[in-house]
Amino acid sequence: MHVILTACTQRKRIVPHSLLSARNLVGGTLQEVSGEWKVRLAQAERAATAGELYCGRSFVEAKNAAQFVRGDLYIASAGLGLLRSDDDAPAYNLTVSKGSPDCILDKLSGDHEASDWWAAIATARAPFEAIEKTVGLVILALPSAYLKMIAPTLGQLRQSVLERIRIIGVGRETSELPINLSNQFLPYDERLDGPHSPIRGTKSDFASRAVRHFVEAVLEKAPLASAETHAKIVRETLAPWDRPKAKSGTRASDAELKSLIRDHWDRMEGKSTKVLRLLRDELNVACEQKRFARLATEVREERAL
């Protein structure tokens, strides 16, 4: 059975308690902050299963990929560690993505990477042992920050498991992976968002969209192929696709962007991916991904009050 490993999402179906928001933690050493976070988690009530808690297009695409291959869905959570989709989870806000008010790295004194935080909170080996026991592929649908967060842990897996891993992303990220994982990379690139792609979207859901394309268009044709062969098929598939044309949009201040987000929030059903696409494609407004994510989070929190 195959495993799809995706990342947690900022969007959740249940509003977190303020005590489980990273922004409300007191800053300190890695040991102090991770210790306090574990205490708060131990006192938290179950909100839903992990598969029910997270939402947004990136998570939905990963779920669709897992369902397509009839496999297991795992989630790498910066707040909870490694979860199966049917594990219980509290509602929380914590990320390792820069620019978010709940970025845990901003709370840590000293020079720490996301992988340091992961090592401090993801201490249970059971989920990784379950992945090691699978016989199918372990397909990673992770944004760059989360891939780098768990890469050192992945690099410690047995060689027989490493050979079954397939990693989605853009080629430049291979330099940030352990050497024993670099050959497991699938060379998807920006052509996935070009005019010939059947599955266009935003950078935030790139990895999950690419995984869905891989399981439906590549793995279905070559289920027993090596990582090298899978990478070759991906390159051949993308070869005739054009890259997206660069767009120059109108610049706007944070206040102006938040006003636009509020104006179109209901029409876009509160889905940030749709709002961003509307800003860029229909309104021709330029907005960098992380900046938009921060502003959309602020608007969502305003509406929750």
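Here are a few friendly notes on the charged side chains of this predicted model.

1. First, the ground rules. Residues are numbered from 1 along each chain as its sequence is written, and side-chain values use heavy atoms, without hydrogens or water. In this predicted model, local features need pLDDT of at least 70 and side-chain atom pairs count only at pLDDT 80 or more, while totals for chains, interfaces and linings use all residues.

2. Have a look at Lys12, in the loop between β1 (3-7) and α1 (30-43) (helices, H or I of at least four residues, and strands, E of at least two, are DSSP runs numbered from the N terminus). Lys12 is buried (under 20% relative accessible area; exposed is over 50%, partly exposed in between, with a 1.4 Å probe and protein chains only). It has no salt bridge, and Asp102, the nearest side chain of opposite charge, is 7.8 Å away (Lys and Arg count as positive, Asp and Glu as negative; His and chain ends are not counted).

3. What lies by the Lys12 side chain instead? A polar atom there is 2.9 Å from the backbone oxygen of Thr9, and one is 3.2 Å from the backbone oxygen of Tyr92.

4. The whole structure holds 22 salt bridges (a Lys or Arg side-chain nitrogen within 4 Å of an Asp or Glu carboxyl oxygen). One joins Glu301 and Arg23, with closest N and O atoms 2.5 Å apart. Glu301 is in helix α12 (residues 289-304) and Arg23 in the loop between β1 and α1, so this pair ties together parts 278 residues apart in sequence.

5. Asp254 pairs with Arg291 at 2.9 Å and with Arg294 at 3.1 Å.

How values were computed. A polar contact is a pair of N or O atoms within 3.5 Å; within protein, one must be able to donate a hydrogen and the other to accept it, and residues adjacent in sequence count only if both atoms are side-chain atoms.
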